[in-house]
Amino acid sequence: MKVAIVILNWNGCSMLRRFLPAVVSSVEGMPEAGLYVADNGSTDDSVAMLQECFPMVGRIVLSRNHGFAEGYNKALSQVEADYYLLLNSDVGVSGGWLEPLLGYMDAHPEAAACQPKILSWHKPGEFEYAGACGGFIDRWGYPFCRGRIMDALEKDEGQYDAVVPVFWASGAALLIRSGDYWSSGGLDGRFFAHMEEIDLCWRLRSRGRKIVCVPQSVVYHVGGGTLKKENPRKVYLNFRNNLLMLYKNLPQKELGRVMRVRRLLDYAAALKYLVSGQLPFARSVVKARRDYARMKKDYVAVRAGNMRAGNTDAIPERFRFSILAQYYLRGRRRFSQLR
């Protein structure tokens, strides 16, 4: 099989009913494409609904909710294909969305992974938060995108329609070579969810592999299908996993300084939550830092392995400025304004 499209589902029966028909239609007449739903221990009617309404779709049933990262690892280990396409259950695909992605990857063997242009399902003229038109990262580990900086979402006016190298591709719609996926270690199951695709892409870039955005492919993402954007659990996972990702991947010469700065910035974020009356969010940041300190010892060997496998510290898509300074001090809300 050339490409396996795998949708990881957890209690998303309504999302599958809404969005799966378009995915099914998009692969009709493509014998080289397989379509699977991997159910992550759902307690709703997802599996029964798939059997009844979508018998043509392959089903992978996992015994419990392993989270996004480990759920995909377990599901993909049961599928053989040249490419995996990880697709969220709340993504609406457009006509001809798959061909540009496969065409680019076939023509560029140096590329390990790519993503489409991701627009908002609710506001189709705007980029969507989780991936937009390709992701980057600043010197302190904060991610941002072409089309989305912090909470500022741009309108899509064709300004980012060029295929460009990026630092990370969104896990909402990620096409990746199966060989690269497994040789780099796959998604980190201990992350559970959030930041896992950035961590994977960092490992790939450190090994000299390319990540790109192919905007000729367009999809529409609802977002927040499992955890809403303003959710203490999501804040916790984002802060904890971001710190783990930095520890795993930062070059040794930067590690100490970056982690010292991040300690100050993280506690500043906790204080901001506290003074604004958002005590659960402040607690999430403090807990994330505490759990990072506890878990770090379990990643010593992982970090050593990443340092040995990496062949470059200078990744151009990891920008040297602070995105916080660009956004809050310089007032730059658009990717094209960044220096």
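## Charges over rings

In this predicted model, the charged end of Arg233 is placed over the ring of Phe192, at 5.7 Å from the centre of that ring.

## Aromatic pairs

Across the whole structure, a search finds 18 aromatic pairs. One of them joins Tyr181 and Trp182, whose ring centres are 4.9 Å apart and whose planes meet at 80°, so the pair counts as edge-to-face. Tyr181 is buried, because its relative accessibility is 0%, whereas Trp182, at 37%, counts as partly exposed.

The rings of Phe319 and Phe321 have centres 5.2 Å apart and planes at 50°, and therefore this pair is tilted. Phe319 is partly exposed at 21% relative accessibility, while Phe321 is buried at 15%. These two residues also belong to one aromatic cluster, which includes Phe127, Phe136, Phe144, Tyr160 and Phe335 as well.

## A buried asparagine

Asn242 is located in helix H7, which covers residues 232–249, and with 3% relative accessibility Asn242 counts as buried. Its side chain makes a polar contact of 2.4 Å with the side chain of Arg262. Leaving aside residues up to four places away in sequence, Asn242 touches Gly141, Pro143, Met195, Leu237 and Arg262.

## An exposed lysine

Lys155 is found in the loop that runs between strand S10 (152–153) and strand S11 (164–165), and at 53% relative accessibility Lys155 counts as exposed.

Terms used. Residues numbered from 1 in each chain as written. Predicted model: local features only at pLDDT ≥ 70, side-chain atom pairs only at ≥ 80, totals over all residues. Heavy atoms only, no water. Helix = DSSP H or I, 4+ residues; strand = E, 2+ residues; numbered from the N terminus. Buried < 20%, exposed > 50% of the residue type's maximum accessible area, 1.4 Å probe, protein only. Polar contact = N/O pair within 3.5 Å; in protein donor to acceptor, adjacent residues only side chain to side chain. Contact = heavy atoms within 4.5 Å. Phe/Tyr/Trp six-rings, centres within 6.5 Å; stacked < 30°, edge-to-face > 60°. Lys NZ or Arg CZ within 6 Å of the ring centre and 35° of its normal.
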